[in-house]
Amino acid sequence: MKRWQMRRNCALTPKQLLQFYIVLVCLSVTVGMGFFLAGVWVIPIFTALELCAVTLGFLIYCRHALDCETIEIDGNSLIVKKFIGYKETVYEFNTQWAKIELPLEGAKVFHISQSNQRVELGQFLRQEQQIPLIAAVRARLG
């Protein structure tokens, strides 16, 4: 069985982001409480708004931090798995009939197709990585 995995390039894993978020919340709440105890009641309101906005942004980031695309070839079976936003979609092709369509000039993605089924892949690859991957997969097709 041969497997290729294409992952999103993320600077932080969800665990690292959670650790950073906890530090950020503690710091913001400390500053907000300091101003509140000093008699400035407006700052904690803006601290709460800031933390709501940051929380929303981090949740969106975490939702897509683990996105990936996987191509597996095992005998006559070509399986494409796309994990985008906590939703996994699996496509199965026959290696004898599947075709890889090269990306159009300047396009970010390529396609694997068979009869009426077509899957878009390569959104996490740089353009210079696409051609070697396509060549490696094509070498295993029938």
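The face of helix α3 turned away from its buried side carries the exposed residues E128, I131, P132 and A139. This is a predicted model.

**Helix α3**
- Helix α3 spans residues 127-140, and its buried residues include Q130, L133, I134 and V137.
- These four lie on the same side of α3, because they cover an arc of only 105° around the axis.
- In general, an α-helix has 3.6 residues a turn, so residues three or four places apart point the same way.
- The cover over the buried residues of α3 includes the strands β1 (2-7), β2 (68-74), β3 (77-84), β5 and β6.

- Strand β6 (residues 110-114) runs antiparallel to β7 and is joined to it by five bridges.
- Q114 has Q117 of β7 as its bridge partner.

**Residue L125**
- L125 counts as buried because its relative accessibility is 11%, under the 20% cut-off.
- Apart from neighbours within four places in sequence, L125 is in contact with M6, K108, F110, Q130 and L133.
- Between L125 and Y86 the C-alpha to C-alpha distance is 20 Å, and the two are 39 residues apart in sequence.

Conventions
Residues numbered from 1 in each chain as written. Predicted model: local features only at pLDDT ≥ 70, side-chain atom pairs only at ≥ 80, totals over all residues. Heavy atoms only, no water. Pairing = 2+ DSSP bridges. Helix = DSSP H or I, 4+ residues; strand = E, 2+ residues; numbered from the N terminus. Buried < 20%, exposed > 50% of the residue type's maximum accessible area, 1.4 Å probe, protein only. Arc of directions from axis to C-beta. Contact = heavy atoms within 4.5 Å.
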